[in-house]
Amino acid sequence: MEMICIRCPNSCVLKVEKKKGKIVVSGNLCPRGEEYGIQEVTDPRRTITSVKQIKGGTISVRTTVAVQKKLYFDVLKAIKDAPIKKTYNVGDIIIKNVCGTSSNIIVTGVNILPKNK
Amino acid sequence: MKTDVLVIGGGPAGMACAFSAAQNGASVILVEREYRLGGILNQCIHNGFGLHYFNEELSGPEYAYRWQQKIENNKKIKIMCSTYVTKITRGVNFFVEATNPEGVVNIEAKSVILAMGCRERPAGAINLTGTRPAGIFTAGCAQAIVNLQGKMIGKKVVILGSGDIGLIMARRLVCEGAQVVGVFEIMDKCGGLARNYTQCLQDFNIPLHLSTTITRVKGTKRLTGVYAAPLINGKVDYTQEKLIPCDTLLLSVGLTPEIELVSNFNLEQYPFTKSYAVDEYLQTTEPGLFLAGNIMQVNDLVDNVSNDGEIAGKSAALYAKGKLDITQKIEIAHDSSIRYTIPKYIYKNNEKSARICFRTDKEYRRIFVTATSNKKQIAKNYVITITNGQIYNLNLNKQNLNKNLFLSIEQQKIQE
């Protein structure tokens, strides 16, 4: 099967085949391509980013590590459903081990417009 | 107010400029029109930023936050947010007029760096015909509404243009519950990076229609549909025009540098970038006036932008001290596989090296980038791949540089 490696902008076209029960990756220019090729056919993962409404504005968030692709919309829902706190700072953990994964959800940005004088 | 270096724009380029100018001993004023620093990074919530600078995959706001931390408590840098520059003139020094909630601000600076980035090309720039209903947004504008204000812009969306912002917004809108009917691209290949095509469109089964464009829009109050038609031999085939029902159209059709502020200066223009020509210090043909970031050329990686900022910041600090070495100017020549170079000029001076960026006419794999001066080869770099539209950075050792410089691309001979 053919796929495009998403680990860096080189965007290598990978060929991933099963040979004698082993997964063989070709077309990659670096070891990260092999890692990606194997991961993508056995257990595809993505870093998920989203936005959550808070009082007076929004926060942007992401998973700390890539999580299973099939959990994409579950993770998005968990972010929307998380209770809203009074204050947020960049780096705060808002959900630990989201959807049973080993990833936390952290705050990447806080967007609250200043009040007009 | 007086300063050595004035930086206009508080995004990734401007923050790096301020940091670097201060590191090199200059006093700095950084002016930003928004209420906070970060620029467009604040709305780029997706990840993939900072692989080179921080060795991590950060989101846009985090990348901005890291730089903000580097400059915020620096005594040499004065940051002025909610401030908009209206006019720049020059005597010996530059005189800059700006406005902010307190009133008019006058700043006198020895050197000025423009780091205002780009603005998006709107519907008017692509002769979009039809009615003028609500529901037509540029992709970046939609990104600001969805990511910063947390508001949705529509339910059924068509995207015109497959640049990176268009692809990233397609995924964002699906994640927020919208249906993205398709992405339409007038060219015969995807405009954005292949990795963005994979993780933004393929992952969500969003179709990409190549060699197809939107011919007109329909709807009175709100958009009710767009007409799409394929291109045959570069011409739109109206006989195959089809109506696609939707309530929202996103335009991701290119960026234009914000260069009008200095149109009163007689700067050499650079048609390849729709901006101004610069030398290795990122200085325009007006001494002491520098460019950095997307105002100079549209970058695909923010790390490149920060790198620009570091070069321009240092150069502006040196200019303010009267120490910018500009002996023997050389115009860089190149073969036809290289579309243009930044800078356009370098100097045969005491600087040991210079960064030269270029884009190629098509994709190249396994090549040598060679630099020749006075018929002598002075650099030969092996490059695994330069993808279409990607910027290649060459760090040229200038020790053997003579009266001229020629860059070329050579295919590696493969023995099998």
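Me: How many residues does the contact take from chain B and from chain A?
Reply: Happy to start there. This is a predicted model, in which local features need pLDDT of at least 70, side-chain atom pairs count only at pLDDT 80 or more, and totals for chains, interfaces and linings use all residues. Residues are numbered from 1 along each chain as its sequence is written, chains are lettered from A, and side-chain values use heavy atoms, leaving out hydrogens and water. With contact meaning heavy atoms within 4.5 Å, chain A gives 34 residues and chain B gives 38 residues.

Me: What area do chain B and chain A bury between them?
Reply: Buried area is the accessible area (1.4 Å probe) that two parts lose on being put together, summed over both. Of this area, 55% lies on carbon and sulfur atoms, and the figure for chain B and chain A is about 2,900 Å².

Me: Which side chain of chain A meets B:Glu176 in a salt bridge?
Reply: A salt bridge here is a side-chain nitrogen of Lys or Arg within 4 Å of a carboxyl oxygen of Asp or Glu. Between chain B and chain A the count is 4 salt bridges. In the one with B:Glu176, the N to O distance is 3.1 Å and the partner is A:Lys80.

Me: Which cysteine sulfur is nearest to that of B:Cys44?
Reply: A disulfide needs two cysteine sulfur atoms within 2.5 Å, and the structure holds 0 disulfides over all chains. B:Cys44 is thus in none, and the nearest cysteine sulfur, 12 Å away, is that of B:Cys200.
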